[in-house]
Amino acid sequence: LGVVYMVTAACNLRCEYCYADAGDYPVNLYDRQMARDAAKLVVDNAAEQGAPTAYLNFHGGGEPTLDFDLIQSTVEWAREYAASTYGAGLHVSASMVTNGLIANAKAEWIADNMDSVQVSHDGPAAVHDLQRPTLKGGSSYDRVREVIELLSGRVPDLMIKATISRAAVRSMPEIARYLCESFDLSRFHLGPVLGTGRGRSTIFGEPDAQEFVEMYYKAQAIADEYGKQIIVSGALN
């Protein structure tokens, strides 16, 4: 009872391991009518099946907030449609991923309107900026931290994801300690690089699987000291 919008291929970062080569392709705006039609379909389906929630998920092979109008207009339209057609018993849940390099006005709207947000933040400045430079090669670390702090305590389900490349895999325990000490969240997501797009890099590509698992256990042992959890893509523990 949900839809995933792949919002845009545009990006204001040039992450060394981007699976989608974000920012390297011509950009076309997502069709607004199609976006509303998809939202209407999932809202109607949820209502017909007696489900309490319809889900709108904003993802992309780039940074979704670079087409912020699509996100804002679709969420607001879907919630107005659900309320006027089906009443207060049907909630439209909105979620998104972001690189966190966004202006305060957008961050404020996200904080007030999103049910779930995953922010990409790879750890201490030396690790984060090595892997996630801006379009012009500058630092994104400070701004991403500021946005996470703005969203904290306001987005019901806020997650920080650190992407683990071959270059960063030995730093997983350090990354875990940094995240636990820096943010008042109960869990953090550490996910390995996908070996597509720029993720085919010999330096920033997929980490060795055995080494990743070894470092994960060390990272979780550190998280245990803080009463927190490290989750990994595609794995249950």
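**Close-up views of a predicted model**

Tyr19 is partly exposed, its relative accessible area being 37% (the partly exposed class lies between buried, under 20% relative accessible area, and exposed, over 50%, with a 1.4 Å probe and protein chains only). The model is predicted, so that local features need pLDDT of at least 70 and side-chain atom pairs count only at pLDDT 80 or more, whereas totals for chains, interfaces and linings use all residues. Residues are numbered from 1 along each chain as its sequence is written, and side-chain values use heavy atoms, with hydrogens and water left out.

**View 1. Tyr19 belongs to a nonpolar surface patch.** Tyr19 is placed in the loop between strand S1 (2-6) and helix H1 (32-48); helices (H or I, at least four residues) and strands (E, at least two) are DSSP runs, numbered from the N terminus. Together with Val4, Met6 and Leu194, Tyr19 forms a patch having about 400 Å² of accessible area, an area that comes from the Shrake-Rupley method with a 1.4 Å probe, only the protein chains shown counting as cover for residues. Patch members have over 30% relative accessible area and no salt bridge, with like charges joined within 9 Å and nonpolar side chains (Val, Leu, Ile, Met, Phe, Trp, Tyr) within 5 Å.

**View 2. Seven strands build an open, parallel sheet.** The 7 strands follow the order S1-S2-S3-S4-S5-S6-S7, two strands being paired if DSSP finds at least two bridges between them. S1 and strand S7 (229-231) stand at the edges with a single partner strand each, so one side of each has no neighbour in the sheet. On average, neighbouring strands are turned by 20 degrees against each other, direction ignored. Strand S6 (residues 187-192) pairs with S7 in the parallel sense over 3 bridges, and Phe188 has Ile230 in S7 as its bridge partner. Helix H7 packs on the sheet and touches strand S5 (157-164), S6 and S7, its direction making about 155 degrees with that of S7; axes are lines fitted to C-alpha atoms, for helices over the stretch in contact, and angles run from 0 to 180 degrees between N-to-C directions.

**View 3. Salt bridges are formed by Asp69 with Arg32 and by Glu146 with Arg143.** A salt bridge is a side-chain nitrogen of Lys or Arg within 4 Å of a carboxyl oxygen of Asp or Glu, and a search of the whole structure finds 14 of them. The closest N and O atoms of Asp69 and Arg32 are 3.2 Å apart. Asp69 lies in helix H2 and Arg32 in helix H1, so the pair ties together parts that are 37 residues apart in sequence. Asp69 is partly exposed at 46% relative accessibility, as is Arg32 at 26%. Between Glu146 and Arg143 the closest N and O atoms are 2.9 Å apart, and both residues lie in helix H5, 3 residues apart, about one turn of the helix.

Definitions and conventions: Contact = heavy atoms within 4.5 Å.
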